[in-house]
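Here is a short briefing to read alongside the model.

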Amino acid sequence: MAKKVVASLQKGEGKNFAKVIRAIKSDKTGAYTFREEMVTLDKIQETLAKN
């Protein structure tokens, strides 16, 4: 099943997206949480520049 998903992503628009994972520190506890986003390749720098 996974092979079909990977193959379909490579054929279509899957090449135009990247997964961005950012660590965000909580002000209250000091613990880190992770936020994952799927963004287009041309929007990566904009996404990383966000706070």
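## Overview

Of the 51 residues in the protein chain, 10% count as buried, where buried means under 20% relative accessible area, exposed over 50%, and partly exposed in between (1.4 Å probe, protein chains only). This is a predicted model, in which local features need pLDDT of at least 70 and side-chain atom pairs count only at pLDDT 80 or more, while totals for chains, interfaces and linings use all residues. Residues are numbered from 1 along each chain as its sequence is written, and side-chain values use heavy atoms, with hydrogens and water left out.

**Fold and surface**

- The protein chain has two helices and two strands; helices (H or I, at least four residues) and strands (E, at least two) are DSSP runs, numbered from the N terminus.
- Starting at the N terminus, the order of elements is α-β-β-α.
- Taking contacts between residues at least 6 apart in sequence, 24% join residues at least 24 apart, with contact meaning heavy atoms within 4.5 Å.

**Salt bridges**

- Side chains of opposite charge can pair when their charged atoms come close.
- The count here is two salt bridges, each defined as a side-chain nitrogen of Lys or Arg within 4 Å of a carboxyl oxygen of Asp or Glu.
- Glutamate 36 and lysine 19 form a salt bridge through their side chains, at 3.2 Å from N to O.
- Glutamate 36 sits in strand E2 and lysine 19 in strand E1 (residues 17–25), so this pair ties together parts 17 residues apart in sequence.
- Lysine 19 counts as exposed because its relative accessibility is 53%.
- Glutamate 37 pairs with arginine 22 in a salt bridge whose closest N and O atoms are 3.5 Å apart.
- That pair links distant parts of the chain, with glutamate 37 in strand E2 and arginine 22 in strand E1, 15 residues apart.
- Arginine 22 has a relative accessible area of 11%, so it is buried.

**Around arginine 35**

- Arginine 35 belongs to strand E2 (residues 32–40) and is partly exposed, at 44% relative accessible area.
- Leaving aside neighbours within four places in sequence, arginine 35 contacts Val20, Ile21, Arg22 and Ile24.
- Arginine 35 and arginine 22 are 13 residues apart in sequence, yet their C-alpha atoms are 5.3 Å apart.
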